[in-house]
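Open the model in your viewer and keep the selection panel at hand. The stops below run chain by chain, then to a contact.

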Amino acid sequence: MIRYIAGRLLLILPVLFGVSIVVFMLIRLIPGNPAVAILGEHATPELIARVEQQLGLNLPLWRQYLIFLGHASRGDFGASFFYQESVFTLTMERIPVSLMLITYAAVIGLLISVPFATWAAVRRETSVDHAIRLVFTGTIGIPSFWLGIVLALLLSVKVRLFPLGGIGGGGFDMLWHLTLPALTIAVHISPILMRSLRSSLIEVLNADYVTTGIAMGLRPTTLLVSYVLRNGLTPFISVVGLNVGWLIGGTIIIEQVFGVPGVGSLLITSILTRDYTIVQFVTLVLAFLVILVNLLTDLAYAAVDPRVSLQR
Amino acid sequence: MSAVSTIAPPRPARRWWFATAGVPLRVGLVGIFTIAVLAALAPVIAPYDPTALGLAGGLQPPSAAHWFGTDQLGRDILTRVLYAARIDLQIGTIGVAIPLVMGVVIGLFAGYYASWPDAILGRVIDVVTAFPFLVLVLAIVAMLGPGLKNFYIAISLVSWVAYARIVRGEALGVRGRGYILAARSLGYSDARIVFRHLLPNVIVPALVFGMSDFVLDILAGASLGYFGLGVQPPATEWGVMIAEGRNFIVTAPWVVIFPGIAIVITSFFVSLIGDSVSDIVRRVHAS
Amino acid sequence: MRPRNALRVEDLTVAFRGGHAVVRGVSFEIAAGEAFGLVGESGSGKSLTCRAVLRLLPRGAAASGRVTYGGRSLLELGATEMQALRGSTIAMIFQDPMTALNPVLRVGEAIAQVTQAHEGLGARAARVRAVEMMERVGIRDAARRAAAYPHEFSGGMRQRIHIAMALAARPTLLLADEPTTALDVIVQAEILRLLDDLRREEGMSLLLVSHDVRVVAGLCDRVGVMYAGELVEVGPTRTVLRRPEHPYTIGLMNSLPEAVIDERLRAIPGVPPDPGRLPPGCAFAPRCELAIDACRAAPIGMSETVPGHWSRCIRTDRLDELRRGLAAADSVHT
């Protein structure tokens with residue numbers, strides 16, 4: 001297992017480097033002088049010169065990249081002039097909230113998708129199946145921000161079921177506050193989840209070994225658990241993992257809509273205030289998050305499916 | 001069990017699925033065609049001028065004079081929804097067209113030549129797909145500045161990868177086939193082989209993906225519009241309309257409802273088409 | 001209490017929804033302890049007939065007619081009764097060992113589940129029985145190998161495990177749908193031998209379906225030949241294969257590689273009819289040398305040409321002409 005993990009990590013290394021290069025290049029996309037842009041209204045000739053020197057803007061590109069890597073390895077991703085804080089700390093202290101929201105949304109998303117996907121798969125090609133697929137197809141087109149404000153209107157204003165925005169105090173109060181945002185994100189990703197789960201389950205249901213199981217007269221519970229779900233389990237794992245990019249995208253929007261103090265709203269606000277260093281770092285963090293989730297998904301797959309050899 | 005599967009369903013059953021398979025497809029095509037026509041004819045059929053400020057006061061509920069009501073500046077919402085359709089449909093179309101062309105060409109050549117071009121493309125794909133789509137688009141727009149043009153640049157820089165990945169996979173699979181080898185032995189130029197022999201056989205999955213990408217782009221455009229990072233006023237776009245109306249959602253929900261419904265319906269029709277086509281392609285492959 | 005009784009299939013018809021019958025009025029009996037073979041080409045309906053007994057038909061297919069075992073009408077049983085019956089009274093094994101076993105279950109566990117479902121054994125007792133079964137089907141080092149997964153076994157081994165599962169709850173009737181088709185020739189012979197041994201030891205009845213006459217010949221007491229969804233001939237294996245009473249069976253025997261005379265394989269000219277476009281009379285008439293107007297006019301019923309031997313042909317008196325070239329019967333070991 002250790003060797004499997006090590007092998008996977010080795011494969012990821014080039015991607016991590018590639019991601020860092022893309023992020024590095026982002027700042028250089030800014031038309032005009034990046035230093036001026038970063039400083040924004042704080043730009044004075046001395047500060048401009050200092051930032052230019054920090055970034056090494058007069059040096060060849062590859063040396064700039066090395067400087068960037070050097071700073072990064074020390075956790076120095078610049079400072080936000082808007083917040084007067086290190087970009088690193090600013091972002092990291094908001095990560096837990098975002099992770100909570102993402103997880104919460106994923107759980108609700110699965111709670112919505114799994115029953116419908118199972119129902120549709122078991123009743124495939126019937127009107128139930130078509131109806132379910134139709135409804136979820138319609139759901140894909142619902143803009144998440146619109147859904148957010150509509151749900152807020154209905155469940156927070158008209159009917160005072162949930163609080164409007166923020167994250168409240170700790171523990172259950174936080175869950176209470178995060179429910180509407182998580183629900184919105186969940187509805188947003190549910191069509192993707194439902195579609196994947198349904199086709200995986202159909203594949204399993206059609207499998208020869210399921211016919212064998214039926215022919216052996218196994219009890220329905222045994223069939224469901226040992227034959228259908230144990231084989232259908234792997235898609236359950238990978239479906240969320242593979243679609244984490246979509247999940248994160250939705251989370252960013254919803255955090256901003258509901259005023260959840262996570263990494264997503266930080267990103268949007270920073271874009272609006274032209275706080276480039278934060279934008280750069282948050283992008284990096286989110287990409288790393290995706291890579292990490294994909295790695296964990298791979299490992300979970302390997303742990304669950306005996307056919308995947310852990311030797312390689 | 002394979003002996004059983006060789007028994008094909010008898011003919012009446014087959015005719016039945018064909019007829020009903022057509023329904024979602026037809027509904028989608030008719031729907032999107034209608035929207036496109038309405039959008040194109042907006043200047044002609046819209047009851048009012050989209051920027052005309054109302055004299056009667058704003059936030060009027062839907063009525064005979066204003067089917068969709070008016071917004072806080074007294075502008076007719078139906079008119080604005082129609083005009084916004086032009087922008088949003090354009091976003092979907094261009095947002096697919098440019099990456100499609102870029103991605104297909106790159107993917108084709110990489111898949112055809114294999115070896116190092118494909119290896120490089122593979123790495124590039126891995127890197128770009130490590131970023132959540134919206135995050136990368138937002139980041140690029142953040143650097144370049146808001147606006148429709150920069151939005152297109154951002155989309156193009158990010159989306160082409162998905163098409164390249166699809167086409168490259170297909171091309172790698174097909175490049176060893178007989179008709180390709182035959183063409184090469186005849187001394188045809190690489191470009192000719194790629195475009196006239198490889199392309200037609202690998203384009204379909206890319207086109208199918210293009211349809212869901214269309215929806216994705218409209219949603220991305222609307223999302224950016226909502227945050228003020230996309231289409232800039234005075235141009236109208238559904239997401240921008242929703243943003244403008246969001247403060248009045250309690251007292252005048254129609255300002256926000258109708259543009260949202262417009263997005264949902266448009267995406268729905270396009271998704272129907274995309275699903276139907278991929279269904280058909282799958283059935284063709286299975287036979 | 002398991003009745004040692006006959007399987008009686010009466011007028012079994014299987015059709016797909018809105019379509020034509022692909023199994024038409026099939027009737028036969030299998031006595032307790034008897035091995036019955038069902039041969040025919042792909043599409044003859046033999047597989048569906050076998051599956052219909054346990055109601056394991058593919059989606060969209062429905063069976064009608066009567067199937068009785070031990071006095072119970074199988075087609076009318078409810079779902080719970082059916083589940084209790086399958087695996088315990090009547091068991092079935094399938095064609096492709098590579099896909100027939102659940103890939104995420106250890107083989108011992110898979111076999112144990114069958115005994116737990118039907119004999120209410122506790123987990124440990126079930127596992128012990130599973131290992132016993134694995135040994136009986138010839139898997140060496142069974143205790144250790146029970147912890148392995150299907151993908152760690154070869155095709156032949158997997159088929160043995162499949163058989164172990166089927167026999168774990170000691171059924172009195174085993175249905176085998178092309179159990180050796182996907183296996184190498186040598187492994188085929190081993191599996192058939194295994195089936196034969198097990199059958200005799202348990203006193204089990206066997207319905208063996210195959211497109212290969214040779215497979216059926218060595219194992220079965222009686223054999224039925226199917227063509228275009230119908231049984232065209234039924235009788236003791238020896239006589240059906242050595243002295244067929246139907247032109248199709250003769251053609252079948254002649255087309256075996258063993259039957260090569262003057263270095264030419266003799267196939268039956270033409271192809272089987274489409275289930276949707278069956279001729280009004282005998283389904284084989286269009287391809288038959290002996291066909292006359294009476295053959296084509298109306299459906300032909302089964303008649304007992306020789307005691308215990310039935311044929312759906314009215315031209316049996318003229319069959320000697322066709323039987324002349326029948327060299328194959330001797331080489332097919334009966």
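**Stop one: chain A**

Select chain A: of its 312 residues, 41% count as buried (20 or more other C-beta atoms within 10 Å of the residue's own, with C-beta atoms placed from the backbone). This is a predicted model, where local features need pLDDT of at least 70, side-chain atom pairs count only at pLDDT 80 or more, and totals for chains, interfaces and linings use all residues. Residues are numbered from 1 along each chain as its sequence is written, and chains are lettered from A and ligands numbered from 1 in the order in which they are written.

Colour chain A by secondary structure. It shows 14 helices and two strands, taken as DSSP runs numbered from the N terminus (helices H or I, at least four residues; strands E, at least two). Its C-alpha trace spans about 80 × 55 × 35 Å along the principal axes.

**Stop two: where chain B meets chain A**

Now show both chains. The contact takes 38 residues from chain B and 38 residues from chain A, counting residues whose C-beta atoms, placed from the backbone, lie within 7 Å. On chain B, select α5 (115-130), α6 (133-144), α9 (190-226), α10 (238-245) and α11 (254-286); each gives two or more residues to the side that touches chain A. That side of chain B divides into 29 nonpolar (Ala, Val, Leu, Ile, Met, Phe, Trp, Tyr, Cys, Pro), five polar (the others, Gly among them) and four charged residues (Asp, Glu, Lys, Arg).

**Stop three: chain C**

Switch to chain C. Look for 14 helices and twelve strands. Its C-alpha atoms fill a box of roughly 65 × 45 × 35 Å, along the principal axes. Of its 334 residues, 49% count as buried.

How values were computed:
Contact = placed C-beta atoms within 7 Å. Buried ≥ 20, exposed ≤ 12 C-beta atoms within 10 Å, placed from the backbone.
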